[in-house]
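The sequence and structure are shown first.

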Amino acid sequence: MPHDQHDHDHDHHGTSPSGHPYRHDNDEALTYWQRMEIAVRELLIEKGVTTAAEIAAQIDLMDSRSPANGAAVVARAWTDPAFKQRLLANAGDASREMGFDIGPLHLIAVENTADTHNLIVCTLCSCYPRNLLGLPPDWYKTRAYRSRAVREPRAVLTEFGVDVPQDSTIRVHDSTADMRYIVLPARPAGTENLSVEELAAWVTRDCMIGTALPRAPQVVSTGA
Amino acid sequence: MEGHDFALWEKRVDALMVLCSSKGHFTVDGLRRALEDMGADAFEKHSYYERWIAAVNQNLIEDGVYTLEELATRMDEVAARGATYGEAAHG
């Protein structure tokens, strides 16, 4: 598994005397690539290609995207058959209908059914339905996932705790630069009386990648 | 391997990629070509956003947005500002 250099972030174990985990700020030794980022950004601003405000707004937009967006789309599809039809016909337009900015991408929703399970991957790099899910998790970008998802999807799914019956079909969808997929999981039995908002809480990020199934929200005890 | 907080410089690389792509300075295919040209060992040696800033830079130079000389000069200036990202980026 490729070892991203930011893994060093996790080498700082322990907590401060006040009990807070140590946290990085912008005070580590400047790397070659950071120098390049600063230089490229400054040149782009000076050449009038972009502005500091535009870059900040783009980061703000990226930070605001989360799997909750995708979960809202899935929950709506579970409760509104006409919407589900529109979603399966054109996921981009259906998501835009709910106010989500999808950009110029083709977005395709693939539906899990009783006999078909869908899994998404980007074998070349890290294409991902980020407009609905935010940035991809680290494992999605690893060479191990990108290669094994297409070669041995059943084994990969088992490692994620998803056991697809042998007589079911697994469809693996390889994302491209302009075509992104999102999995529409099957609505779990026993959720007939839940509201759209309650249903959305069952839909996790991994459900929409295909590496998990919807499940009742876990009650998380909040620590200090 | 769960998600981690991205550093500011990484988010900036992401923003530059999206903005320059939406303004037509390159396509995602152009970025991928640059990534693949780096060779297999780039995927071992460099982190995700390190590879992306290299690909963005390569495409911007090819598009004529700035020259290699301008980049080199600016990277030297940046290095002279201080030893940390915070100092070199002016905060």
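## Side-chain contacts

B:R74 is buried, at 12% relative accessibility, where buried means under 20% relative accessible area, exposed over 50% and partly exposed in between (1.4 Å probe, protein chains only). The model is predicted, so local features need pLDDT of at least 70 and side-chain atom pairs count only at pLDDT 80 or more, whereas totals for chains, interfaces and linings use all residues. Residues are numbered from 1 along each chain as its sequence is written, chains are lettered from A and ligands numbered from 1 in the order in which they are written, and side-chain values use heavy atoms, with hydrogens and water left out.

B:R74 forms a salt bridge with B:E77, that is, a side-chain nitrogen of Lys or Arg within 4 Å of a carboxyl oxygen of Asp or Glu. The two residues lie three apart, about one turn, in helix α5 (residues 68–81) of chain B; helices are DSSP runs (H or I, at least four residues), numbered from the N terminus. B:E77 is partly exposed, at 39% relative accessibility. Through shared partners, salt bridges join A:E42, A:E46, B:R74, B:E77 and B:R81 into one network.

Over all chains, 23 salt bridges are counted. The table lists some of them.

| Salt bridge | N to O distance |
|---|---|
| B:E77 and B:R74 | 3.2 Å |
| A:E159 and A:R148 | 2.7 Å |
| B:D37 and B:R33 | 3.9 Å |

A:E159 is exposed, with a relative accessible area of 55%. B:D37 and B:R33 both belong to helix α2 (residues 28–37) of chain B, four residues apart. Here B:D37 is exposed at 58% relative accessibility, and B:R33 is partly exposed at 35%.

Rings of Phe, Tyr and Trp (its six-membered ring) pair if their centres lie within 6.5 Å; planes under 30 degrees apart count as stacked, over 60 as edge-to-face and the rest as tilted. A:Y140 and A:Y145 form a tilted pair, 5.7 Å centre to centre with 35° between the planes, and both are buried. B:F6 and B:Y49 have ring centres 5.7 Å apart and planes at 85°, so this pair is edge-to-face. B:F6 precedes α1 (8–22) of chain B, whereas B:Y49 lies in helix α4 (residues 48–62) of chain B, 43 residues apart. Both B:F6 and B:Y49 are buried.
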